[in-house]
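This briefing presents two residues of one protein chain, with their positions, accessibility and contacts. Please consult the display below while reading.

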Amino acid sequence: MVTKRDIAQDWLSRYTGMPLEMFGTHILLTNFGNYVRRFSERFSCQIYGNDRPMQAATNTHGLTIINFGIGSPNAATVMDLLTAIEPNAVLFLGKCGGLKESTEIGHFILPIGAIRGEGTSDDYLPPLVPALPSFKLHKFVSEKLVTRGLEYRTGVIYTTNRRVWEHDSDFRENLKQYTPIAIDMETATIFLVGHANQIARGALLLVSDLPMTPEGIKSSASDAKVTRDWSDVHLDVGIESLHQIEEQGEEIKHFQY
């Protein structure tokens, strides 16, 4: 009988083009091709999958970065495929829209949880199961942010499958009632599917826009500025956090239910 792991082991290489034995034990996830390119340049390592749905690279320290694409279905797919290698820790480096006055463009957010507004995660666990990170992993990321003197917030993220919602007054009013600090399209899925698959997971999000105000809605120009000013720091904090976890041999995984 074919098992889930049999399928994941075949599909992880098929989706990324990278041989299974090349994957490290600590994984950075992102939706930005330029993060993978910068990682490759920094560590002089090969990028696999330029002709595949996902791109991946691994440095000599056993740290792998994967660009899985945009949206919760892709996030669920990569978290399922990672069961092929049973990683010690997975950290998502994504962008989000700030929804509170206390959040500013360029701030970082370490989510304490995520609201499952995307629907994808409902295929994995019942709706009442919360989408939570592995807090021990977030402790390492928090320490790196503090050491660098970077501004960051904690709070709940609202994850949605919907794009171009900024014009919809009903959707915006619902967001206010849910009281999230920010909105994105992947975090709840990564947390929930990671939990279902017993994978230690976390997220470090970069506030790239302020979509509740007309002037704060993301544009090509504003997104390019955020990428220019903050993406290197974003990637550096992720790399340093997982390297430290690996060097210390820290066990991140929580007890199974």
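The side chain of Asn161 reaches the backbone oxygen of Glu118 at 2.6 Å. This is a predicted model, in which local features need pLDDT of at least 70 and side-chain atom pairs count only at pLDDT 80 or more, while totals for chains, interfaces and linings use all residues. Residues are numbered from 1 along each chain as its sequence is written, and side-chain values use heavy atoms, with hydrogens and water left out.

**Asn161**

- Asn161 lies in the loop between strand 6 (152–160) and helix 5 (169–178); helices (H or I, at least four residues) and strands (E, at least two) are DSSP runs, numbered from the N terminus.
- With a relative accessibility of 34%, Asn161 counts as partly exposed (buried means under 20% relative accessible area, exposed over 50%, partly exposed in between, with a 1.4 Å probe and protein chains only).
- The side chains of Asn161 and Ser72 are joined by a polar contact of 2.3 Å (a pair of N or O atoms within 3.5 Å; within protein, one must be able to donate a hydrogen and the other to accept it, and residues adjacent in sequence count only if both atoms are side-chain atoms).
- Leaving aside residues up to four places away in sequence, Asn161 touches Ser72, Pro73, Gly117, Glu118, Thr120 and Met185, where contact means heavy atoms within 4.5 Å.

**Ser231**

- Ser231 belongs to helix 7 (residues 220–248).
- Ser231 is buried, because its relative accessible area is 1%.
- The backbone oxygen of Thr227 is reached by the side chain of Ser231 at 2.5 Å.
- Not counting residues up to four places away in sequence, Ser231 touches Asn34, Tyr35, Arg38 and Val226.
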